[in-house]
Amino acid sequence: MRKYILLIFIMIMNIGLYANNEKPFVIPEIKHWESYSGDFIITNKTRIVCNRSNKELFEVAQLLSSDYEKMFGIKLKVEDRISKGGVINFNIVNNDNYGDEAYCIDIYENVVITANSIRGAIWATRTILQIAEQNNQSLPKGRIIDYPDYEMRSFMLDCGRKFIPIHFLHEYVDFMSYYKMNTFHIHLNDNAFKQYFDNDWNKTPSGFRLESDYFPGLTSRDGYYTKEEFIELQKHAERVGVEIIPEFDVPAHSLAFVHYRPELGSKEYGSDHLDLFKDETYNFVDSLFMEYLGGEHPVFIGPRFHVGTDEYSNKDSLVVEKFRYFTDHCIKEAEKYGKQACIWGALTHAKGETPVKVENVLMYAWYNGYANPQDMINLGYDLISIPDGLTYIVPAAGYYYDYLNCKYLYENWTPATIGNQQFEERHPQIKGGSFAVWNDHAGNGISFKDIHYRAFPAMQTMSTKMWTGRNTTFSYEDFDEKRLSLSDAPGLNIAGRFNGDEKTILEINDLKNNYETNIKEIGFDYSVSFNIEYIEEEKGTILFSSRDADFYLSDPIEGKLGFSRDGYLNTFNFKFIPKENVNVTIKGNQEVTELYIDGKLEETLDRQTIFHNEGKSKMYYIRTLVFPLEETGEFKSKITNLKVINK
């Protein structure tokens, strides 16, 4: 009888040991979970252990320590000796199980991370941080084995039509890393559509976003990156497991080059097309590639370079064959500098006889009418799945998606779906997937904060579908609810989110000049209210500012209440009268910014519709504001009863 009772007791204990903890929620979803019993609690006494002789792995251990401090205010000491109890231990074991990015985390009395590579070790730290973020620094005991379905998990950002500040690109590197997205494709040149600018190419904005020594004057004046800045961006990305793929889009989308050298433009196909029948075009492009790919210390330091090659005219066989020749030429120029060439799929649109190199060329399959995926696979191309009808965001354009249909993507899509063609999962020639933000409508008021609001749910969804594929176990409804508990990345709050119920996040009875609030900004939805006894202010008087925006009591042009961000000035048709004493409330969401005076709606800055091209073309102009709160300006008026509410 005693033996029988003991056996039952042992069985109960074993059931408790192996079945207590549910699979933790992580984005992207982890592949395998084996449950143990209990929790590993991370405290200020927890140490990170890693052999210092492996310099790269030791840097990953330090990354975990740094990121943990950003998130929780606790500095975890990194040691190179194994000690007893309460440690997070790093190991690299080189084997072929599950691929290069695979990792295992055993969470028991200690946390033991075993990865196949440095990048796998980085992904393990992202998993630990996400679990700790949701569970008050507690890790459920169990074993995680995780690896991606697809080796390239990419996001593309159009910086050509809209300048994106370098600090935002750095933030996006960390954002992508937190969700195990390993490829950041940066589109460095492009141009707007001429129908919005009097059908005049000379008036149509274009952008080339890099400092240039070979071509002084080519660099955009409204925003650019120095070579040193771009190199540091790539190095930062390497440290957190992300590869930067820079792109020069030629021979179409090339108005920036034609604005610089008009003789390079095609008279037949439009000035956004380079003339492929001129030797000067090839000399220019070759020199451009040389400046950034060549030399002992090249500007582009990663293994891949994207040479563009999309949407050129196919008016006749002569231009088709010339386009194919040019594409082949650019591929081989990139390879001359040791890069794998990436191209946009265009060889169905430009079907012809001139050979275009196939081996070791990565084609982005974006529209099946331009490059039929099955035909491209038959030719031997490796593909990135980026179907425009599913994965393109064009903010406030009225075509493609303003926000991706994340529910549909979560429930139906993987990179094996390209347009209307379905391939086997993990097809050896489909290397991964991507989604994109295209800023087609230059000058439409969209801010990079607006871009982030669109990209945040898409990044979380797409990372899951490119890592976990069809093997997701959480319903979309559960995923959509749980994902909001995760931040952008350690120490990052790009959108100014304050999750939870409505609450006051800042309250100041008497607001002073040059006051730092320790709150950078508040995102959508919010209410900022204050009382003002107005004393006449100089034009340009700032009430609140942050790195990314200014809110004016008196704007720099007309002295109205307003705000500026991303180079756009938006004003309410409202001026204070000297000695006026009123209550002001600003409310903002993803569509509008509203002004209330003494509780009454005074004006709504909403989406404007602006017609061009004799009414044939329309553009939506956006007037949103993530409200700056970082510090106050210098003002004469008396500001009291400031209250900032997260709605």
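In this predicted model, S447 touches K162, R565 and D566, leaving aside residues up to four places away in sequence. S447 sits in the loop that links β22 (430–437) to α12 (448–467). The relative accessible area of S447 is 3%. S447 is therefore buried, as the cut-off for that class is under 20%.

Q590 lies between β30 (581–588) and β31 (593–597). Its relative accessibility is 29%, so Q590 counts as partly exposed. Contacts of Q590 are made with Y403, Y453, F524, D525 and T624, again without residues up to four places away in sequence. With Y403, the contact includes a polar one: the two side chains meet at 2.8 Å. Q590 and H306 are separated by 284 residues in sequence. In space, their C-alpha atoms lie 33 Å apart.

Helix α5 was considered next. Helix α5 covers residues 227–239, 13 residues in total. At 1.5 Å a residue, α5 should span 18 Å. The C-alpha atoms at its ends are 19 Å apart, which agrees with that expectation. The buried residues of α5 are K227, F230, L233, Q234, H236 and A237. These buried residues pack against two helices, α4 (166–178) and α7 (279–293). They also pack against two strands, β9 (183–187) and β12 (243–250). After α5 comes G241, which has a positive phi, near 85°.

Note on methods:
Residues are numbered from 1 along each chain as its sequence is written. This is a predicted model: local features need pLDDT of at least 70, side-chain atom pairs count only at pLDDT 80 or more; totals for chains, interfaces and linings use all residues. Side-chain values use heavy atoms; hydrogens and water are left out. Helices (H or I, at least four residues) and strands (E, at least two) are DSSP runs, numbered from the N terminus. The expected span of a helix is 1.5 Å times one less than its number of residues. Buried means under 20% relative accessible area, exposed over 50%, partly exposed in between (1.4 Å probe, protein chains only). Contact means heavy atoms within 4.5 Å. A polar contact is a pair of N or O atoms within 3.5 Å; within protein, one must be able to donate a hydrogen and the other to accept it, and residues adjacent in sequence count only if both atoms are side-chain atoms.
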